[in-house]
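Hi there,

Here is the structure I promised to pass on to you. Have a look at it first, and my notes follow below.

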Amino acid sequence: MIHQYKLGGFNIVLDVCSGAVHLVDDIAYDIIELFEKETKESIINKICAKYFKTSQDEIIECYDQINELKNGGNLFAPDTFEPMAGVLKEKTAGVVKALCLHVAHTCNLNCEYCFASQGKYNGERAVMSFETGKRALDFLIENSGTRKNLEVDFFGGEPLMNWDVVKKLVEYARSIEKKHNKNFRFTLTTNGMLIDDEVIEFSNKEMSNVVLSLDGRKEIHDAYRVDYNGKGSWDKIVPKFKEFVKKRGNKDYYIRGTFTHANPDFLEDIKVMLDLGFTELSMEPVVCAPGEKQELTKDDMPIVFEQYEKLASLMLERKKEGRPFTFYHYMIDLKGGPCIYKRISGCGSGTEYMAVTPWGDLYPCHQFVGDEKYKLGDIFSGVTNKDVQNEFLSCNVYERQECKDCWARLYCSGGCAANAYHSTGNIKGVYKYGCELFKKRMECAIMLAAANELDEEE
Amino acid sequence: MTHIKTIKTRNLCSSVKKGGCGECQTSCQSACKTSCGIANQKCENKAQSK
């Protein structure tokens, strides 16, 4: 299977199963489009008629180049991966390597669009005790097999509302990681309200990544991200984020925004982030129940698609000007990205990745927390709900009929189980809007990667 | 005349041989938290052949 499209002044041909990316001229583009549908003679006749200023010999030469690519396995490569679909998960069954620790099911902001219902996940407010968190880290080590790199996210709600426990857990993990031959990678996701010098210093030493929530334009941010008095948080958090990032050096961070029906023109928000001096950016479509006012509508989609294309152009422009920036969803490493096992296995939720509630219950991921039927077990007794875990274990890209004909399937791995569940009622369903957005992002990402590769060669 | 410029990419078919170590980051962990994309992940397999 191939996917061909025109973007950013390039004719791009992606060979889905080999992963090869070809930049082609108009003649090659048209030949490739016909290649598997018509005979050589018919194709040559059609292309000669269309490109009458080009000699027939040259068109035949182009046809032969395409044929060589096919014979070399770099074009129209067949999908031979289906038998391997369950292999990685079976091989690693029972291994847990990442936990999302919900250290605080409470929040000091009251954002209407919060998928976690203001941090409470439709339950009671709660914070995680050190003992529970410590047990979660022990559970992770006990179940991590030979995995060296273990990921732990401090999540909420707002994790800084339980900061002392976060620090103690980091200290505890550091005290045992060498003994167990592990390497903990911590992430902190915060709304910024409680950031102070001490949080900055500790996080910049210990957190591999920090995710800082900012929606961009002040009026957009303050429409949703408000305190319990309804007051916007932009003025309070932006100076803190600036300070945090300034002191972070080369360590990873993301300024992470959410866009909703209120701002499908989210590029304007990204520009605000750039003007503030931030360069590592992530902007996510809102996740909400169907019919809610913040939900992106069908009419928003063309605007969003246009924003993604304009964003890609802006990235190229700024790179040329020596002012590059990163957009999370356009990060793609064509030369060293994930292997095929990872690409067909799905995201790892419910198997290698789980979320832990403040009282120690396990869920397949943070987006399932609060949905009792998806409770997997707890950190004390382990996974006891094998039926649910098996559902996630068997979740891979070939389980979804809709994915079989999709060119992007080896880039999304079948998509987000939670998004699928919330939009279709089934974790093996397909969240169609999400797919459309994802495909557009991948087209842009591949174009940018190809453009950058060309730049480097020159 | 060259009509086609092939960008250097990891051959996915070849990654069958040495892939599958499971050391790479869990999808969506650490950044977006609301969508799944594996394309932006780094391969952490020290033994893999590119």
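Strand S9 (252-259) of chain A is mostly covered, with 7 of its 8 residues buried. Please keep in mind here and below that this is a predicted model. S9(A) has a parallel partner in strand S8 (residues 207-213) of chain A, and 5 bridges join the two. If you want a place to start looking along that pair, A:Leu212 stands opposite A:Ile255 in S9(A). S9(A) also pairs with strand S10 (280-285) of chain A, again through 5 bridges and again running parallel. In that pairing, A:Thr258 is set opposite A:Glu284 of S10(A).

Both S9(A) and S10(A) turn up again when you look at helix H10 (residues 267-275) of chain A: they are among the elements that cover its buried residues, along with helix H8 (218-224) and helix H11 (300-320) of chain A. Which residues of H10(A) are buried? They are A:Leu267, A:Asp269, A:Ile270, A:Val272 and A:Met273. A general point is handy when you view them: an α-helix has 3.6 residues a turn, so residues three or four places apart point the same way. Just after H10(A) there is also a backbone detail to check, as A:Gly277 adopts a positive phi of about 100 degrees.

Helix H3 (residues 56-71) of chain A packs with helix H2 (residues 40-50) of chain A at an angle of about 130 degrees, and their axes are 10 Å apart. Angles over 145 degrees would count as roughly antiparallel and those from 65 to 115 as roughly perpendicular, so H2(A) is oblique to H3(A). The crossing of these two helices, H2(A) and H3(A), is right-handed. On the H2(A) side the contact involves A:Lys40, A:Ile43, A:Ile44, A:Ile47 and A:Cys48, which meet A:Gln56, A:Ile59, A:Ile60 and A:Tyr63 of H3(A). Sorted by class, that contact has 7 nonpolar, 1 polar and 1 charged residues.

H3(A) also meets helix H1 (residues 26-35) of chain A, where the axes come within 10 Å and cross at roughly 55 degrees. That angle makes H1(A) oblique to H3(A), and the crossing is right-handed. From H1(A), the residues in contact are A:Ile27, A:Ala28, A:Ile31, A:Ile32 and A:Phe35, while H3(A) contributes A:Ile59, A:Cys62, A:Tyr63 and A:Ile66. How do the residues of the contact of H1(A) with H3(A) divide by class? There are 9 nonpolar, no polar and no charged ones.

Finally, the two chains. Their contact takes 71 residues from chain A and 42 residues from chain B. On the chain B side, strand S1 (4-7) and helix H1 (15-18) each supply at least two residues, and S1(B) gives the most, with 4 residues. By class, the side of chain B that touches chain A has 14 nonpolar, 20 polar and 8 charged residues. The chains also share strand pairing: strand S3 (residues 21-24) of chain A and S1(B) run antiparallel, joined by 4 bridges. There you will find A:His22 opposite B:Thr6 in S1(B).

Best wishes

Technical notes. Residues are numbered from 1 along each chain as its sequence is written. Chains are lettered from A and ligands numbered from 1 in the order in which they are written. This is a predicted model: local features need pLDDT of at least 70, side-chain atom pairs count only at pLDDT 80 or more; totals for chains, interfaces and linings use all residues. Axes are lines fitted to C-alpha atoms, for helices over the stretch in contact, and angles run from 0 to 180 degrees between N-to-C directions. Angles under 35 degrees count as roughly parallel, over 145 as roughly antiparallel, 65 to 115 as roughly perpendicular and the rest as oblique. A crossing is left-handed if the near helix is turned anticlockwise from the far one by less than a right angle, and right-handed if clockwise. Two residues are in contact if their C-beta atoms, placed from the backbone, lie within 7 Å. Ala, Val, Leu, Ile, Met, Phe, Trp, Tyr, Cys and Pro count as nonpolar, Asp, Glu, Lys and Arg as charged, and the others, Gly among them, as polar. Two strands pair if DSSP finds at least two bridges between them. A residue is buried if 20 or more other C-beta atoms lie within 10 Å of its own, exposed if 12 or fewer, and partly exposed in between; C-beta atoms are placed from the backbone.
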